[in-house]
Amino acid sequence: MEGAWVHRILWLVVAVAFVVGMVIPDDPETEECPPRDTRVAAPYAVTGYWVMPRADRCVTQRMVEAIHTIGGDTLITFGPRFDTRPDPDFDACLVDGRPCAEVPGKRVRQVYTYATSEEFGPGMLRCPGLDRRIESRGRIFYRLSLAASCAEAVHDLVLVTTDGDGLGNLMREATAYGMTVFPGLPAAPQREGKPWEPDHAHTAALNAFTARVLADYRERFTGLSAFGGVYQSFELAVRARADKDPIVLLYAAQHAVVAAALPGKKIVVSPYIDARRGRGFPPSQVEEGLADLAGTRAGLPMAIAVQDGRGTGKVPVYGAHEAAAKVAPRLVPVVGDVSNAQAYYGSTSDYVEAAARRVPEGVELWVNVEGFEPSPATGECGRVDPLPLRGRTTKSRLDQQVMAAGRHAVKVISYGWDPFFTCQARYDTPSLADDIAAGWQQPIIVAAYRKELNGRPGILVEGHNLHGGTLRFGDVVVKQEWYGRERLESAWAPYVPSGAWTAITATNAAGHSSTSAYVIR
């Protein structure tokens with residue numbers, strides 16, 4: 001999955017696109033948006049998406065409604081970077097003709113910057129005259145002191161710039177549609193020369209600012225059912241880690257702040273896996289990595305949404321019978337024209353199975369399926385800016401990722417809604433979201449195994465949209481004789497496999513068939 005720095009650039013690109021492409025009303029608070037349609041018309045197996053908050057309320061409504069229509073009930077945002085480096089975006093911030101970073105009568109030791117899409121409430125302004133909401137050169141800024149006392153002579157400042165209350169819009173719209181939002185925690189500063197590690201010289205300041213932001217959320221979002229918790233934006237690999245690992249230490253410190261400010265709320269983390277031989281790690285390390293993450297939850301409920309790695313090409317989606325087969329063509333630029341076993345330690349399903357072996361108490365196992373390709377193909381839409389380039393995937397490949405997530409994933413979510421689910425190669429061609437809406441009834445088998453029913457041997461399959469119809473085992477079609485539904489649907493048919501491997505597809509009562517086969521030994 002892509003980092004928060006990419007998400008910030010995408011937010012800027014999208015903000016400019018919307019300003020150029022549409023008329024923004026002078027007063028968005030009085031803007032009349034179309035009536036909401038809260039129907040779920042095409043409930044797909046993926047039920048959560050990363051999104052970008054939008055300052056325009058009607059744009060937010062359209063986005064939330066589109067996701068809700070295909071069964072989405074969860075929205076996640078990246079947290080902006082709590083940055084230590086100078087940012088030219090803040091040159092426009094002036095107070096009484098002075099740069100906002102200058103405070104008469106006070107010594108400013110450190111200035112942090114934070115570019116966001118939300119408007120804070122008055123509770124963020126604690127020190128009169130020092131903490132301020134500033135309108136300067138047509139933009140909105142905040143200046144906040146992190147000092148323990150307003151009377152102190154030395155202050156660390158945070159300068160915030162915002163394009164509007166995108167997060168507030170998202171919370172209100174998600175509440176109207178019965179959905180849940182996990183806004184991103186402020187992302188930690190990165191070490192110079194090692195951007196994959198947090199700079200712990202600034203952790204105390206980060207925690208102070210995080211506490212302020214979460215207190216503001218607690219006040220502003222009271223009464224909004226959509227506020228489900230927060231997302232930890234700093235990424236790490238879910239593998240065995242050294243003692244006093246810097247990212248685990250960051251998680252523990254920042255999650256303690258969350259527990260104090262938002263008792264009972266859920267923390268979502270989305271660690272990545274990397275199966276590439278020589279660069280990644282084997283599935284055997286996932287169990288220990290999961291335990292390390294769970295140990296940072298500070299008593300709060302936690303969802304660990306393991307990134308499946310298919311979009312970046314770090315992890316393949318293939319069945320156990322395909323270890324000797326060549327890697328998928330879209331993965332060749334990443335690992336070369338070799339077999340799956342030569343390129344990778346294992347497939348997505350191997351890593352999810354390893355994660356599921358010992359899910360700690362208080363933790364849910366989710367899977368984050370990456371809804372994009374490692375690079376775009378000719379004539380294909382996707383992300384062209386910023387780098388790295390990414391391509392649009394297909395609904396059938398997304399089905400395969402859901403299959404690989406298996407029966408252990410409590411929830412399947414995806415990065416990310418824009419542009420990967422919404423882009424079109426041409427104005428008259430469907431987006432990935434359109435393809436999902438058209439094919440949502442196609443069955444997806446996520447597990448299959450031998451099971452006797454009333455003394456008769458057969459095969460039980462689990463998954464989505466299985467009700468009625470038949471199961472195909474290779475060339476043999478057998479009518480379903482039993483169906484059940486709990487968290488997943490189940491269907492059973494009498495059949496005894498005769499070969500080493502058996503490919504299974506389903507056709508449901510509505511006549512829709514699986515886009516890919518599930519293979520068992």
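I take axes as lines fitted to C-alpha atoms, for helices over the stretch in contact, with angles running from 0 to 180 degrees between N-to-C directions. Helices (H or I, at least four residues) and strands (E, at least two) are DSSP runs numbered from the N terminus.

I am working with a predicted model, where local features need pLDDT of at least 70 and side-chain atom pairs count only at pLDDT 80 or more, while totals for chains, interfaces and linings use all residues. Residues are numbered from 1 along each chain as its sequence is written, and side-chain values use heavy atoms, with hydrogens and water left out.

**Entry: helix 6 and helix 9**

I looked up how helix 6 (residues 286-294) packs on helix 9 (residues 348-356), and found an angle of about 55 degrees with the axes 8 Å apart. That makes helix 6 oblique to helix 9; angles under 35 degrees count as roughly parallel, over 145 as roughly antiparallel, 65 to 115 as roughly perpendicular and the rest as oblique.

For contact I used heavy atoms within 4.5 Å. On the helix 6 side I noted Val286, Glu287 and Leu290, which meet Tyr351, Ala354 and Ala355 of helix 9. The residues of this contact divide into 5 nonpolar, no polar and 1 charged. In this scheme Ala, Val, Leu, Ile, Met, Phe, Trp, Tyr, Cys and Pro are nonpolar, Asp, Glu, Lys and Arg are charged, and the others, Gly among them, are polar.

**Entry: helix 2 and helix 3**

Next I turned to helix 2 (residues 57-69) and helix 3 (residues 166-176), whose axes come within 9 Å and cross at roughly 45 degrees. Helix 2 is therefore oblique to helix 3, and the crossing is right-handed. Arg57, Thr60, Gln61, Met63 and Val64 of helix 2 meet Asn169, Leu170, Glu173 and Ala174 of helix 3. By class I have 4 nonpolar, 3 polar and 2 charged residues here.

**Entry: salt bridges**

How many salt bridges are there? I get 30, taking a side-chain nitrogen of Lys or Arg within 4 Å of a carboxyl oxygen of Asp or Glu. For accessibility, I call a residue buried under 20% relative accessible area, exposed over 50% and partly exposed in between (1.4 Å probe, protein chains only).

I picked Asp216 and Arg220, which meet at 2.7 Å, N to O. They are 4 residues apart in helix 4 (residues 203-220), or about one helical turn. Asp216 is buried at 3%, whereas Arg220 is partly exposed at 21%.

Glu481 and Arg456 also form a salt bridge, at 2.7 Å, N to O. This pair links distant parts of the chain, 25 residues apart: Glu481 sits in the loop between strand 22 (476-479) and strand 23 (482-485), and Arg456 in the loop between strand 19 (444-450) and strand 20 (459-464). Glu481 is partly exposed at 46%, and Arg456 is partly exposed at 37%. I also found one network, in which salt bridges with shared partners join Glu118, Asp165, Arg172, Asp216 and Arg220.

**Entry: helix 10**

Why did I note helix 10 (residues 395-405) as largely enclosed by the rest of the structure? Because 9 of its 11 residues are buried, among them Leu398, Val402 and Met403. Gly406 follows helix 10, with a positive phi near 75 degrees.

Technical notes
A crossing is left-handed if the near helix is turned anticlockwise from the far one by less than a right angle, and right-handed if clockwise.
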